[in-house]
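Look at the sequence and the structure first, then read on.

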Amino acid sequence: MSTSISDAYVSFQEVQKSYDGENLVVKDLNLGVERGEFMTMLGPSGSGKTTCLMMLAGFETATSGEIMLDGTGINNVPPWKRDIGIVFQNYALFPHMTVRENLAYPLEVRKVPKNEITDRVEKALGMVQLSGFAGRRPGQLSGGQQQRVAVARALVFEPKLVLMDEPLGALDKQLREQMQYEIKHIHENLGVTVVYVTHDQSEALTMSNRVCVFDDGVVQQVAPPDVLYEQPQNAFVAQFIGENNTFLGTVRESQADRCVVELGTGEVLKALTVNVDGVGSQTTLSLRPERVTINPEAGSCDNQVQGDVKELIYLGDHIRARLELCGNDQFIVKVPNAANHSHLREGESVSVGWLSEDCRALDAPN
Amino acid sequence: MAKAAQPIMIDGVPLKERLAQAERRKKYIAFGMVLPLLIFVIVTFAIPIASMLFRSVDNPRMTELAPNLVQALNEWDGAELPSEEVFEVAFIDLTAAKEAGTLGRIATHLNYSLSGGRSLILKTKRKFKKIKSPPYREAMIKADKRWGDINTWGVLKKVSDRYTTRYFLNAVDRDFDNDGNIVEKPEEKQIYVTLFLRTLWISLLVTLLTLLIGYPIAYLISTQPPRIGNLLIIMVLLPFWTSLLVRTTSWIVLLQTQGVLNDIMVWLGIISEQGRLQMIFNLQGTLIAMTQILLPFMVLPMYSVMKTIPLYELRASQSLGANPFITFWRIFWPRSIPGIGAGGLLVFVLSVGYYITPALVGGSKGQMISNQIAFHMKSSLNWGLAAAMGSILLIAVLILYWLYDKVVGIDKMKLG
Ligand SMILES: Nc1ncnc2c1ncn2[C@@H]1O[C@H](COP(=O)(O)OP(=O)(O)OP(=O)(O)O)[C@@H](O)[C@H]1O
Ligand SMILES: [Mg+2]
């Protein structure tokens, strides 16, 4: 794995970062981003995402380790020589310049000829559908328009890499979704490499080629969105991405890729072995709510237990049911609102089943 | 469609009226709260300024001392020598003034504008006894033939005007000649224009110096983390805790020929004992002391503006390929201009009226117009002239505000 990282277009190699000399904000980061890839760093607040981005941009220095871009180490390259475009969360447009001047700025400091600047600025404005706004100041634009100007400005000088730090954080939900698609399309059309930071998991899943889940300065998993959702490698990722039912238990038996886990309440469940230390060790079982079947046909599921319906929430296309089973009273089941779906009533006891391959045995919380 | 009925409150009062009542109450309360301040501002600011402006053109002396004569002269058209009636009134008023003992003041007053005016009055006074009956015209001309000169009457009419531009003319080294034309004063009496120009020059220099010294300080403070930044701001404010007089006199201790700085330089052998430098009691002294004293007024507005320039904008500029120098020049500098404007205007306006420091350390070459104003207020008691000079300063400052508004825009000025 380490060889592939050092071959990557952008790579962090054994990077550590501490601000105060006491706590490591980033602990041993190894990450490679391929050329043309849309890589998202996803993690809870304070997990060190911005810190990583700022190290890449050159505004923070890595305490140790190597950061490479396009085959060269950039640890000692100052920010203005790195050729990296950045979209900041609050856009960071220059309020005393018009939109046109904002876009021309990176070209002017690169001494691009005048007429070429005009052309490229026009093109960039066209790309974000703001051709008519060139003469305005940022203060005269809406949040979404400012956002687009910021994106255009970060792209207009054809940087080697574009960094975006929660660029959509200040927009309302609808605009945010629209901008997600626009940025995604711009990325596809230009083929530029993007490192994107967010703590919104749906945004990460929608936009990225690969997602890097971060927690507490450590990479938890790097994978394409579908793999991340369907095959989380540890309890944190399973919990952080999407909805998730968990059971704590002890591994009793293990053969091939399956294991048998005994829960604290005595029930025994079969699960897919993903990330456990072996027989006798603690484990977290993770199960997606949509993989649970209510009243399964006999023999169709290798895990089957009884549960009490505690709460039903009608959500239109599906019904969210909260059940208590195996000592977990937060067990969620999504019952599709299909023609022949099972009618549940609060307080009733139902049979619930799932396949062992959908129930992943992951690491235990420490 | 029928007109909707006025909404009526439960107690029968129309809604509109009730609303107006409620609003009015609020307005009264708000007005009541600012009233003390309003009165304070009127009493301590508006009235004194209005009074100063008035005093600079006010000329009540003749009206007080010879009211009838003033009246008669007002009616006189000035085309030819006044009629017998005017002479009679003049005689009566002057006699009355003599009785009241105020004739001397009339003589002095006339003398401001008519050279020999004093002797004319006093000579006439001595001959009053001979003039007993009409016709007064011949008698007065006989007493002093200048009474037969239409010019004398012209000047007398002029000095009897209720309002005068004389103070303003004097304040710019000009006066009326005997024909009523505006002329420059003799060379050796021209002092005020030079002083006005020097005042503007000193103010400009002080503004530039404080800007030059203050800008890096403000920049440094605004880029520090808050804890250090606050400490530095306190250090900038520290001089305010010391009396202005103490600060000014400590400059004397430092800079005088037998002072600390000269001593050190002699001791180091940079200058000889005879070659001690005159660094104070001249223009230089005024500049040094005023720059130091006014520096905080430059630093604070600039700091408060620079503080609002976000770090991420500077980072954005660098990420776009601009090195720190270009980033400063194209992003930081333009964004800090409102602070420069505010600080510059503040320092300039304060300098224009600066008084204590130039008085103490300015010597004769470092005096400013305010020192002359003080002199005329306290020593020569020519309040009219002092008021005129003050008014000119006020107008100069207003013009400056106007220019600033045209060039930079007053709404761009930020003091915090
Ligand atoms: N300049 C700094 N000095 C000291 N500590 C810092 C500094 N910047 C960040 N930190 C600390 O480093 C840790 C990671 O911060 P970082 O900004 O990278 O988090 P993040 O993942 O971007 O979080 P968020 O999603 O809230 O933006 C936090 O604990 C933060 O307190
Ligand atoms: Mg962040």
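A polar contact is a pair of N or O atoms within 3.5 Å. The model shown here is predicted. Keep that cut-off in mind for the ligand.

## Around ligand 1

A backbone N or O atom of Gly48(A) lies 3.0 Å from an oxygen atom of ligand 1.

| Residue | Part of the residue | Distance to an oxygen atom of ligand 1 |
|---|---|---|
| Gly46(A) | backbone N or O atom | 2.8 Å |
| Glu166(A) | side-chain N or O atom | 3.3 Å |

How much of the accessible area of ligand 1 does the protein cover? On its own, ligand 1 has 630 Å² of accessible area, and the protein covers 56% of that.

The residues around the ligand include a run of chain A: Ser45(A), Gly46(A), Ser47(A), Gly48(A), Lys49(A), Thr50(A) and Thr51(A). Tyr19(A), Val25(A), Glu166(A) and His199(A) also belong to the shell. By type, the shell divides into two nonpolar, seven polar and two charged residues.

## Chain A as a whole

Chain A has 366 residues, and 49% of them count as buried. Its C-alpha atoms fill a box of roughly 75 × 45 × 35 Å along the principal axes. Nine helices and 20 strands make up its list of elements.

Strands of a sheet pair through backbone hydrogen bonds, either parallel or antiparallel. Look for both kinds below.

## An open sheet of six strands

Six strands of chain A form an open sheet in the order E6-E7-E8-E3-E9-E10, with mixed pairing. Which strands stand at its edges? They are E6 (84–87) and E10 (218–223) of chain A, and each pairs on one side only. From one strand to the next, the twist averages 20 degrees.

Start at E6(A). Four bridges join E6(A) to strand E7 (residues 161–165) of chain A, and the two run parallel. Within this pair, Ile86(A) stands opposite Leu163(A).

Is Ala92(A) buried or exposed? Its relative accessibility is 1%, so Ala92(A) counts as buried.

## An open sheet of four strands

Another open sheet of chain A holds four strands in the order E2-E1-E4-E5, and its pairing is antiparallel. Strands E2 (26–33) and E5 (72–73) of chain A stand at the edges. Each has a single partner strand, so one side of each is left without a neighbour in the sheet.

Inside this sheet, strand E1 (residues 10–17) and strand E4 (residues 64–69) of chain A pair over five bridges in the antiparallel sense. Ser11(A) stands opposite Met68(A) in E4(A).

## Two covered strands

Now turn to strand E14 (residues 282–287) of chain A. Why is E14(A) described as largely enclosed by the rest of the structure? Five of its six residues are buried, so the rest of the structure largely encloses E14(A).

E14(A) has antiparallel partners. Six bridges join strand E11 (residues 245–255) of chain A to E14(A). There, Leu248(A) stands opposite Thr284(A). Strand E20 (residues 360–362) of chain A pairs with E14(A) over three bridges. Ser286(A) has Arg360(A) as its bridge partner in E20(A).

Strand E19 (residues 349–354) of chain A is mostly covered too, with five of its six residues buried. Strand E15 (residues 293–294) of chain A runs antiparallel to E19(A), joined by two bridges. The bridge partner of Thr293(A) in E19(A) is Gly353(A). Strand E16 (residues 303–314) of chain A also pairs with E19(A) in the antiparallel sense, over six bridges. Asn303(A) stands opposite Trp354(A) in that pair.

## A loop in chain B

Asp173(B) lies between helix H9 (166–171) and strand E1 (174–176) of chain B. Its phi is near 60 degrees, a positive value in a residue other than glycine. At 1% relative accessibility, Asp173(B) counts as buried.

How values were computed: Residues are numbered from 1 along each chain as its sequence is written. Chains are lettered from A and ligands numbered from 1 in the order in which they are written. This is a predicted model: local features need pLDDT of at least 70, side-chain atom pairs count only at pLDDT 80 or more; totals for chains, interfaces and linings use all residues. Side-chain values use heavy atoms; hydrogens and water are left out. A residue is near a molecule or strand if one of its heavy atoms lies within 4 Å of it. A polar contact is a pair of N or O atoms within 3.5 Å; within protein, one must be able to donate a hydrogen and the other to accept it, and residues adjacent in sequence count only if both atoms are side-chain atoms. Accessible areas come from the Shrake-Rupley method with a 1.4 Å probe; for residues, only the protein chains shown count as cover. Ala, Val, Leu, Ile, Met, Phe, Trp, Tyr, Cys and Pro count as nonpolar, Asp, Glu, Lys and Arg as charged, and the others, Gly among them, as polar. Two strands pair if DSSP finds at least two bridges between them. Axes are lines fitted to C-alpha atoms, for helices over the stretch in contact, and angles run from 0 to 180 degrees between N-to-C directions. Buried means under 20% relative accessible area, exposed over 50%, partly exposed in between (1.4 Å probe, protein chains only).
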